[in-house]
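My notes follow in the order in which I made them.

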Amino acid sequence: MAASDAEPMPEVVTEAIVVIDLVESTLTSNLFGWYAVGRHSLRDLRSLIGEVGRSRGLRCMRSTGDGYLLTFYDPQSAEMAAIRAVEAVFELLRRILTRNQEVSEERALNLRCAVHLGEVDVVPNDREGPHVSMAFRLEEISRASLPTALNPIPPEQFPLQNYVLCSEEVAGILSRRTKQWGVASIGLLRLKGFPGWREVFRVTSEEHPTDIGGGMLVS
Amino acid sequence: MQAPASLRKPLAIVFCDIAGSTHLTAQEGDLVASGVFREFFEHAGRLSREHHGLIIKFIADSFLATFENIDDVMPFVISIKSLLSRNSTFVGRFSGLYFSLHYGNVTCIETSYGSDVLGEAVNVAVYLNELKVLNEIIISQAALERMPSDYRTRAGASESRSFKGVGEVEFRRLKLRGL
């Protein structure tokens, strides 16, 4: 009998899955030192995520080394979990912009964020399943992905940092249920391990048309 | 920054997906697989030029090509298919090819990474490819109407499918065997 056979099957829930990656965190740590800069940056990020997520249904927060995997849950409506997640991510970006203006350049935080919604296996302080992989695939998309996309936006229009990408599922929810954010297709992409073509969207904040979520540099 | 120059025009859009690429990578490793793909794409590029077409991009194990004259498409498709049975590098390595063809208006642009085509017509060609059956070409009705009569008579029954963001698309299947 396999070891996994003895364990109960994990609970399955629909959650909004957010992957946050700290841009150039390894480079920064190598240049300025993990103990001098790197660990403080990650601790600050963790603290800010806690602040913005706590009241918005943040249920899981797991380190990925240079970022975090987060999930958001809403007991009434899975779609609301996606909206809360996007809300939390934009609030996080806003707070980071403020923080970056107050700290030295090497301690600035810059992020890449991706949001997806789907069923996940709940394991202690972690989540498993293909939808988690999908969120990571979305986060990996960069300017360099666009030449292999269909109907892509010009690479120059794709921000280098401090932006939010989302799946078709989340884009649909945002379009239907809120006017607070805009969604714009960046093209059809093939995501490793997933069949077919996926339309990927960038979420922009209409409250702050030239804000960090729109991809401005925040040095 | 000045927007790149663009030109909107009708083109025949071909999408081709290689079947068996995952198996090839699993069996022979990614180094061998990437060499095989590179050679396949070199041949595809050469054949597209010979048939007055343009390969817009190679994407993993597939490619997107355009043709000004739709009459050039089938000779190109047949020549690509022949590669699999005639070129020793490819014999036994790929299971086959999935083709799709659509005709429509696209915007042609020059980008920092080369030429690209944009527009709903591109999506139609790609979505049709997802209805794939090995060694068939799936042809939209818009494309078929412009093709030589020989192909129109060989094409199968009319089918239609609704695609997200595009709507209903009418198409037919044409078997490549015997062409």
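Entry 1, two helices of chain A. I looked up helix 4 (residues 78–102) of chain A against helix 6 (residues 168–177) of chain A; their axes come within 10 Å and cross at roughly 90°. Axes here are lines fitted to C-alpha atoms, for helices over the stretch in contact, with angles from 0 to 180 degrees between N-to-C directions. Helices (H or I, at least four residues) and strands (E, at least two) are DSSP runs, numbered from the N terminus. Helix 4 of chain A and helix 6 of chain A are therefore roughly perpendicular to each other. I took the classes as under 35 degrees for roughly parallel, over 145 for roughly antiparallel, 65 to 115 for roughly perpendicular, and oblique for the rest.

I listed the residues that make this contact: helix 4 of chain A supplies Glu79(A), Ala82(A), Ile83(A) and Val86(A), and helix 6 of chain A supplies Val170(A), Ile173(A), Leu174(A) and Arg177(A). Two residues are in contact if their C-beta atoms, placed from the backbone, lie within 7 Å. By class, the residues of this contact are six nonpolar, no polar and two charged. Nonpolar means Ala, Val, Leu, Ile, Met, Phe, Trp, Tyr, Cys and Pro, charged means Asp, Glu, Lys and Arg, and the others, Gly among them, are polar.

The model is predicted: local features need pLDDT of at least 70, side-chain atom pairs count only at pLDDT 80 or more, and totals for chains, interfaces and linings use all residues. Residues are numbered from 1 along each chain as its sequence is written, and chains are lettered from A and ligands numbered from 1 in the order in which they are written.

Is Ser47(A) buried or exposed? Ser47(A) counts as exposed because it has 9 C-beta neighbours inside 10 Å. The cut-offs are 20 or more other C-beta atoms within 10 Å for buried, 12 or fewer for exposed, and in between for partly exposed, with C-beta atoms placed from the backbone. Ser47(A) lies in helix 3 (residues 34–53) of chain A. I also checked its C-alpha atom against that of Ile83(A): they are 36 residues apart along the chain and separated by 21 Å.

Entry 4, strands of chain A. Strand 4 (residues 111–123) of chain A runs parallel to strand 6 of chain A, joined by four bridges. I count two strands as paired if DSSP finds at least two bridges between them. Val115(A) has Cys166(A) as its bridge partner, and Cys113(A) stands opposite Val164(A). Strand 1 (residues 11–22) of chain A pairs with strand 4 of chain A in the antiparallel sense over 12 bridges, with Ala16(A) opposite Leu117(A). Strand 5 (residues 126–128) of chain A is antiparallel to strand 4 of chain A, with three bridges. These two strands form a hairpin with two residues between them, and Asn125(A) in the turn has a positive phi of about 50°.

Which residues of strand 6 (residues 163–166) of chain A are buried? Tyr163(A) and Leu165(A) on one side and Val164(A) and Cys166(A) on the other are all buried, and both faces are covered. Strand 6 of chain A also pairs with strand 8 (residues 198–205) of chain A, antiparallel, over three bridges; there Val164(A) stands opposite Val203(A).

Beyond four places in sequence, the contacts of Val18(A) are Leu70(A), Phe72(A), Ala85(A), Val89(A), Cys113(A), Val115(A) and Ala135(A).

Strand 1 (residues 6–19) of chain B and strand 4 (residues 96–111) of chain B are antiparallel over 14 bridges, and Cys16(B) stands opposite Phe99(B). Strand 4 of chain B pairs in the parallel sense with strand 6 (residues 136–140) of chain B over three bridges. Helix 3 (residues 120–129) of chain B is mostly covered, with nine of its 10 residues buried.
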